[in-house]
Amino acid sequence: MFGLEALDLARMQFAFTVSFHIIFPAITIGLASYLAVLEGLWLKTRQEVYRDLYHFWSKIFAVNFGMGVVSGLVMAYQFGTNWSAFSDFAGAVTGPLLTYEVLTAFFLEAGFLGVMLFGWNRVGPSLHFFSTVMVAIGTIISTFWILASNSWMQTPQGFEIIDGRVVPVDWLAVIFNPSFPYRLLHMATAAFLATAFFVGASAAWHLLRGRDNPAIRKMLSMAMWMALIVAPVQAFIGDLHGLNTLKHQPAKIAAMEGHWDNSSGEATPLILFGWPDMEREETRFKVEVPYLGSLILTHSLDKQVPALKDFPKEDRPNSTVVFWSFRIMAGLGMLMILVGVWSLWLRWRGGLFQSRPFLYLCLWMGPSGLIAILAGWFTTEMGRQPWVVYGLMRTADAVSNHSVTQMSLTLVSFVVVYFVLFGAGLGYMMRLVRKGPVTHEGKEQGIGGPGQHRTPARPLSATEEGMDDDDNATEVRS
């Protein structure tokens, strides 16, 4: 297929499925915590706006949660089908870690999800709030175990190799490997930011259409507070993560910076833009700032950053891809900080909800968090290449023995099915967003109350309502 080998197609298939999947857990993590905050504020203040927002976003959460579970199952099966050599080599570590995720996070989420989605007015307020908090905690625990497994593949420790297989000897060292704390904080914070900009874009869309009510304003206000506070924190975490990567995966940093040679003996410049050429072993058309690379990556003005030529060709990541994926992530992060600062200025001037240029920027920034997450994962995963377990097993040695024809057919099938099924799900979720929160929804419609609605039999039943074209409709239909 287009001159690609089975290994290339297997990597493309996994990259496609994991990229599709990561969108849903990211929003699930953020929305679960957002719902817990909304319900907590409702219980504390009894302001109806928080209850209205809770009922609105819980519908979107239900759809997103369902798609995340389905896409995650497909991705997990690929370890056995397409990467059987990796599973045989490292399964004693990755298998238990993923099992712990199911036994803790998934069971916790599943146990309280029904109460959270359908228990309003059926259980006491304390129990319902507790259920919402447990679902939110479950999403964080799930992130914990997934990142522990992936981080071990980046910076493996706590193991021995016996008869060609990894055998764990210290589970605390396996779980809390050197990159894990930074990657966990970076991913969790990214999920909160992605959700904040998703919520903010939803509010901006309604305000630009002239739908101005307390619930819409509260959505935008809370989202912008999150951007103002958390985006700079994410930049700080990213800096710590970069220092950790420089220590444990210097080749990845060299590829991210497009830095090839240290023969000059001078401090490393920061290349803002350019085109790393893997064949010519140089970054072409580069625009650089002297000394800034050393200052950012080593916090000094004289130390050098490792160069790609310091590593054998077969051990170098693809700098062309990693260089630009990192800049997309970092650039969007800077824009998020800008949006947060602009929102503070507008809030002080009293124009946060009226400034159309700002609202349009918020609208266009809606997918920015998800794009930044995807770019960050491309940087992380492609920067680890050519290793599947860094320094221990090469990706070429991890793939199953499938033919090019088999991999081509399955890749095409995945692309078609994913775009049809998940495209429909995303379309439905966006239709829910376009309807917007219904004012006094819980009080007027008796959502979840005895005799008001039948008891739902499936999670997506929580989203059942009319999808007529009138975005200002306030009637909820069962």
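The legends below describe close-up views of a predicted model. Local features need pLDDT of at least 70, side-chain atom pairs count only at pLDDT 80 or more, and totals for chains, interfaces and linings use all residues. Residues are numbered from 1 along each chain as its sequence is written, and side-chain values use heavy atoms, without hydrogens and water.

**View 1. Hairpin of β1 and β2.** Strands β1 (residues 159-162) and β2 (residues 165-168) pair in the antiparallel sense over 4 bridges. Strands (E, at least two residues) and helices (H or I, at least four) are DSSP runs numbered from the N terminus, and two strands pair if DSSP finds at least two bridges between them. E160 has V167 in β2 as its bridge partner. In the turn, D163 has a positive phi of about 55 degrees.

**View 2. Hairpin of β3 and β4.** Antiparallel pairing over 6 bridges joins β3 (residues 270-277) to β4 (residues 282-289). L270 is bridged to V289 in β4. There are 4 residues between the strands, and E281 in the turn has a positive phi of about 55 degrees.

**View 3. The largest pocket, with about 1600 Å³ of space.** Of its 49 lining residues, F14, V18, H21, M75 and I146 are the closest to the centre. A pocket is an open set of points on a 1 Å grid over the protein atoms alone, where a 1.4 Å probe fits, with protein on both sides within 12 Å along at least five of seven lines; lining residues have an atom within 4 Å of a point. The volume is the space filled by probe spheres set on the points, which are joined across faces, edges and corners. Helix α1 gives the most to this lining, with 12 residues.
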